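Could you walk me through this structure, stop by stop? I have it open in a viewer and would like to know what to select next and what is there.

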Amino acid sequence: MIIVIRLPAESDDVAKLATIAATKRDVRSIMDITQYLRALRAHWFLVVLVTAVGGAAAGVYSWVQTPMYQADVQLFVSISSTDAGAADLNQGGTFAQQRVKSYVDIVDSPTVTNEVIQSLQLPYTADELAEEITAQSPLNTVLLDISVIDPSPQLARDIANAVASQVSKFIADIETPTGGKASPVKATITKSASLPAAPVSPRTSLNLALGILVGLAAGAGLAVLRHTLDKTIRSRREAAEVADAAVVGEFADDPKTKKRPLIIDDPTGRRAEEYRRLRTNIRFLSIDERIGSLVVTGSVEDEGKSTVAANIAIALAQSGETVVLIDGDLRKPMIATLFGLSSGIGLTSVLVGDVQIEAAMQHWRRDLPLYVVASGPTPPNPSELLGTRRLADLVAGLVANGMTVIFDSPPLLPVVDAAVLARATDGALVVTRVGSTKTDQLETSIQALRQVDARILGVVANGVKRKKKRGYDGYYTDQHSGWTGAAAAKAAQAVMAPPDTDRAPAATVAPPQGRATPPPPARGHQQRPAGGRHIDETQHISVRELRDRT
C-alpha cells in the first residue's frame, strides 16, 4: 500500500522549503562570487600585468600608425524640369533619390580617379586613390556625401574638392540624353571640403581604453583559470578547509630559519612566541586527558616538519615539561643534526634490543629537561620496525613516567612510517607549507591517517606570508631589549628554567617489563604527574577565575 501525502499550495511547509531553497541559491551565488574575488586577490599581480600589457600594446599600436586626415564634401542631386507641376516635382524627387544610390558606386570609379590624379599630379594609382575615397547617401535624401582620407591634410582637402567636381561632371555626362539635349540631372556642390584640423586616426584615447579593458578582462580570466587549475595551498584558511581540521599553529617565512632553525637562539623573537602559542594550543587540545605523545609529520619533503618538531620540543621543555624528542625518520634523519648530537646510538638500537632507552637518551642542555633520541643505524625495514609492539611499549613507558614524547617522522605520501607512528601515539600534527604543498597532497595525507584510525591533532601552516599590522602585532614580539652576549643568555636561562625546589619528585609508574626506568628530569624542573600536566598555583587561579566569569 502506498500512501501519498499532498501539501496544499499555500502550506507553510511548502513556503519554508521554497525559502530554504532560495536561501541556498543565494548562499551558493555569494560563495561563487567570493571564490572569484579570492582568485583575483591571490593573482592580482597577473591581472595588473596583463592589463598593463594590453594598455601598452594599444599605445604602441597607436604610436606606429600614420596619422590620417579626413576631408568631407557634399553634393546635392536635383532634376531640372521647366514648367513642372507638383506631380512632376514629386516624381522628379523620387527619381533623384533612386539615382543617388547609383551615384554612390561611381564616385571612386577609374573615370573619376584618373581625372583627379591628372589634375592634381598625385603620386597615386587609380586603385590607391579609390581606397582613400568613400561615399554614402543618407536615407530618403538626394544628398551625396564624399569623404577622402589621406596622410596630408592639404592633400585630403584638395582631393575631396577635385572628386566632387569630377563626379558632378561625370553625372552630367552620363545623364545627358542623345540628341544634344541638356542633362536633366544636376549635381551641385553644397559643401566644399575644408582643411582638417586634427587627424581622425589613430584614436589614441579610444585605443588605450579598449586595450586596458581587454587586458583587464583577459587578466581576470587568466587569474580565475589559474586559481581553478592551481592546487597549491595559499593560506591557512585553505589548509584548514582541505584537511577538515583546525590550524593549531602557523609560522611565517623567516630568512633566519635556515641559519638558526632552533628558537633557543632567539628566545624573545617572533618565532619563539609563535611556538609558545602552538604549545598552548597543544595543551588545550584535550581537556579530559593530557596528550602525552604525538608525531609531527607532513605530506612531502621540504615542509619543515623536523624543525617544527624540534622547536615544539624546546617550547614544551621551556615550560617545565620533561620532553623526549625521538627521531622517527629512519630514512633521512635530521634531529641529531639540528641539535648537534651524535646519531650512532638511537631509536633503532633500542628497538632491536642493543641498548636500553636511557642509554639512547641524550640530555641536550643542562638548563632544559629535553632529551633527544637520535634515529640510530639505518635499518633495512623501517616501517616494520616502527610497527612492532616494542615501540608501543616504549612510548607507553615514557608517558607513564610523566614525560612528553614527540616523534619526528617521514612524510606521509612517500612511505607509511608516519601513519604507523601515529597509531602508537596520541595523535599527529600535520605540517603543510603554504605556497608549496598541493591540496591533493594534503587531502591524501589526512586520508591516510584517518584510514588507520589515527587522531589528527591539527594542522601546522608553515611558510605563511606575514602581514604588517598596526597595534598589537609586532609591538611585543619585535622589541629588542638591547642585551647581548652573556647577559642575554643569563636572562633567557632565568626565564626558561623554574627555580630550584626541595620538593620530592612525583611517583612514577614502572615501564613495561624488560625496560629500564628512564632517567628522572634534571634537578630544578618539576616532574609532571602521570595523570596530567603540571599547572602552578597562579595558572590554576587564573583558569578558575576565567571559568567563574564565563
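Predicted model: local features only at pLDDT ≥ 70, side-chain atom pairs only at ≥ 80, totals over all residues.

Residues are numbered from 1 along each chain as its sequence is written, and side-chain values use heavy atoms, with hydrogens and water left out.

**Stop 1: the whole chain**

Switch to a cartoon view. The chain has 19 helices and twelve strands; these are DSSP runs, numbered from the N terminus, with helices (H or I) of at least four residues and strands (E) of at least two. Of its 550 residues, 39% count as buried. Buried means under 20% relative accessible area, exposed means over 50%, and partly exposed is in between (1.4 Å probe, protein chains only).

**Stop 2: the sheet**

Now colour the strands. You will find an open sheet of eight strands in the order β5-β12-β11-β6-β10-β7-β9-β8, with mixed pairing. Two strands pair if DSSP finds at least two bridges between them. The edge strands are β5 (247-252) and β8 (361-363), each pairing on one side only.

Zoom in on β5. Five bridges join β5 to β12 (residues 456-464), and the two run parallel. Click on glycine 249: its bridge partner in β12 is valine 460.

**Stop 3: helices on the sheet**

Contact means heavy atoms within 4.5 Å.

**Stop 4: salt bridges**

Side chains of opposite charge can pair when their charged atoms come close. The structure holds eleven salt bridges, each a side-chain nitrogen of Lys or Arg within 4 Å of a carboxyl oxygen of Asp or Glu.

Select arginine 99 and glutamate 175, whose side chains meet in a salt bridge (3.3 Å, N to O). Arginine 99 lies in helix α3 (residues 86-106) and glutamate 175 in helix α6 (residues 153-175), so the pair ties together parts that are 76 residues apart in sequence. Is glutamate 175 buried or exposed? Glutamate 175 is buried, at 12% relative accessible area, while arginine 99 is partly exposed at 31%.

Then try lysine 332 and glutamate 301, a salt bridge of 2.9 Å, N to O. Lysine 332 sits in the loop between β7 and α11, glutamate 301 in the loop between β6 and α10, 31 residues apart.

**Stop 5: a glycine in a loop**

Select glycine 344, in the loop between α11 (335-339) and α12 (347-351). Which residues does glycine 344 touch, not counting those up to four places away in sequence? They are Ser349, Gly376 and Pro377. The C-alpha atoms of glycine 344 and glycine 376 are separated by 5.2 Å, although the two are 32 residues apart along the chain.
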